[in-house]
Amino acid sequence: MASGVIVVAEARDGKVRKMTLELLWLGKKMTEDLGGSTSVCLIGKGSEGMAAGLGRFGAEKVYVCDADVVDAYSPDAYAAAVAACVRVADPELVLVGATARGKDMAPRAAVKLGTGLASDCVDVSVIGGKIVCRRPVYSGKCYAVTEAVAVPAMAAVRPNTYPTAEEKGTSCDVIKVDSTITAAKAKVRELVKVGGEKVILTEADVIVSGGRGMKSAENFMKLEPLADVLGAAIGASRAAVDSGFADVSQQVGQTGKVVNPSLYIALGISGAIQHFAGMRTSKVLVAVNKDEEAPIFQKADYGIVGDLFDVLPLMEDEIKKMMEE
Ligand SMILES: Cc1cc2nc3c(=O)[nH]c(=O)nc-3n(C[C@H](O)[C@H](O)[C@H](O)COP(=O)(O)OP(=O)(O)OC[C@H]3O[C@@H](n4cnc5c(N)ncnc54)[C@H](O)[C@@H]3O)c2cc1C
């Protein structure tokens, strides 16, 4: 009988991503209510070396598929490998990150497993013995609450929703799983990094974001010192991207990325509904705008009415001082 939780890990450059540790935290919490063990599914050529390390973060078993076919990410091969691991592990719940890769792979894996998927969840819990997921709909204007009826249940969780699992120094069993797929339909020939982001936008705990009010690409670069002091990623409104101030990979919103930081600092952004669709769940919103009627102030926790080119250096200096204290 199906039991426990399996977390689908994501790794880049030989390192497990923060999202995986957030899912492990949630997985441990869910197994307290559901029973069974918390395991991890790790896909990718050469990933076996990383498997044992996951025991330190609470994984009891790690199912590894490191066949040649999963050397580079491809949706069909990864989905098949995840499905193979899930069939062996037989969990009650599969947790995936609602990251670019998770969003691409998870629906395919759900089809292979003949189950449903709750996408972009901001809460996954057990209520009355049922797995219940809460997810924003209609650009975040309301929430849908879904109850899983299929086994295994599958949920894609928004990054930065949960804390990361603590390092506790335990070991885990590593189980090798063979994927039945031998050739991927799509082959990745080259990976091109764009934007040169120091901090991954969708995983960032702090985001400094600029809008049309930044006025030029040159001015947009003035956000960098503040972002560096805060260890933040740099985001942008669509108007800033369309005006050529920022790269499209930095766009936050309905047609850009969905972010979920602890702190979102918006400079020269009016607060259009389509921008909110991508950052509404930010825990604290700080807005700087010269127009006191700007819609962003209706949602901001802290608002500064003023010219951003005056406010930005003052903010940077004050935050630098605070960090040094
Ligand atoms: C289908 C669709 C999808 C969309 N998807 C997205 C999306 O994913 N993301 C997104 O962001 N938008 C999206 N948009 C666009 C959205 O509707 C807005 O046009 C956009 O968000 C506006 O960007 P902005 O706030 O930077 O620009 P504006 O609305 O022009 O606001 C600029 C702000 O800067 C302020 N300002 C100007 N100069 C200064 C200064 N010196 N100091 C301080 N403040 C200053 C102004 O007062 C103003 O409030 C979408 C639109 C559609 C129709």
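Contact, as the word is used here, means heavy atoms within 4.5 Å. On that basis Ala 52 touches Cys 172 and Val 174, not counting residues up to four places away in sequence. The structure is a predicted model, in which local features need pLDDT of at least 70 and side-chain atom pairs count only at pLDDT 80 or more, whereas totals for chains, interfaces and linings use all residues. Residues are numbered from 1 along each chain as its sequence is written, and side-chain values use heavy atoms, with hydrogens and water left out.

**Ligand surroundings**

- The ligand is surrounded by 26 residues, where a residue is near a molecule if one of its heavy atoms lies within 4 Å of it; the closest are Arg 212, Ser 237, Thr 255, Ser 270 and Asn 289.
- The shell around the ligand divides into six nonpolar, 14 polar and six charged residues, with Ala, Val, Leu, Ile, Met, Phe, Trp, Tyr, Cys and Pro counted as nonpolar, Asp, Glu, Lys and Arg as charged, and the others, Gly among them, as polar.
- At least two shell residues each come from helix H7 (238-242), helix H8 (273-279) and helix H10 (308-324); helices (H or I, at least four residues) and strands (E, at least two) are DSSP runs, numbered from the N terminus.
- A polar contact is a pair of N or O atoms within 3.5 Å; within protein, one must be able to donate a hydrogen and the other to accept it, and residues adjacent in sequence count only if both atoms are side-chain atoms.
- An oxygen atom of the ligand lies 2.7 Å from a polar side-chain atom of Gln 274, a polar backbone atom of Lys 290 is 3.1 Å from a nitrogen atom of the ligand, and a polar side-chain atom of Asp 307 lies 3.3 Å from a nitrogen atom of the ligand.
- Taken alone the ligand exposes 980 Å², of which the protein buries 76%; accessible areas come from the Shrake-Rupley method with a 1.4 Å probe, and for residues only the protein chains shown count as cover.

**Nonpolar cores**

- A nonpolar core is a set of buried Ala, Val, Leu, Ile, Met, Phe, Trp, Tyr and Cys residues joined through side-chain atoms within 4.5 Å, and buried means under 20% relative accessible area, exposed over 50%, and partly exposed in between (1.4 Å probe, protein chains only).
- The largest nonpolar core has 33 residues, of which Met 30, Val 62, Leu 93, Leu 95 and Val 124 touch the most other members, and helix H1 (residues 18-34) gives the most to this core, with seven residues.
- A second, separate core of 30 residues includes Cys 65, Val 69, Val 82 and Val 94.
- Residues up to four places away in sequence aside, the contacts of Leu 93 include Met 30, Leu 34, Val 124, Ile 131 and Pro 152.

**Residues of helix H1**

- Thr 20 is found in helix H1 and counts as buried at 1% relative accessibility; the side chain of Thr 20 reaches the backbone nitrogen of Glu 10 at 2.9 Å.
- Met 19 also lies in helix H1 and counts as buried at 2% relative accessibility; leaving aside neighbours within four places in sequence, Met 19 is in contact with Gly 97, Thr 99, Val 157, Arg 158, Pro 159 and Glu 203.
- Met 19 and Arg 212 are 193 residues apart in sequence and 31 Å apart in space, C-alpha to C-alpha, and Arg 212 is among the residues closest to the ligand.

**Loops on either side of helix H2**

- Ser 47 is placed in the loop between strand E4 (38-43) and helix H2 (48-51), where Ser 47 is buried with a relative accessible area of 2% and its side chain reaches the backbone oxygen of Gly 44 at 2.6 Å.
- Ala 52 has its place in the loop between H2 and strand E5 (61-65) and counts as partly exposed at 47% relative accessibility.
- Ala 52 and Thr 170 are 118 residues apart in sequence and 9.5 Å apart in space, C-alpha to C-alpha.

**Backbone geometry**

- A cis peptide bond, with omega about 0 degrees, joins Val 151 and Pro 152, and Pro 152 is found in the loop between strand E10 (142-147) and strand E11 (153-157).
- Asp 13, although not a glycine, has a positive phi of about 50 degrees; Asp 13 is found in the loop between strand E2 (11-12) and strand E3 (15-16) and is exposed, with a relative accessible area of 72%.
- Asp 120, although not a glycine, has a positive phi of about 55 degrees; Asp 120 has its place in strand E7 (residues 117-121) and is buried, with a relative accessible area of 16%.
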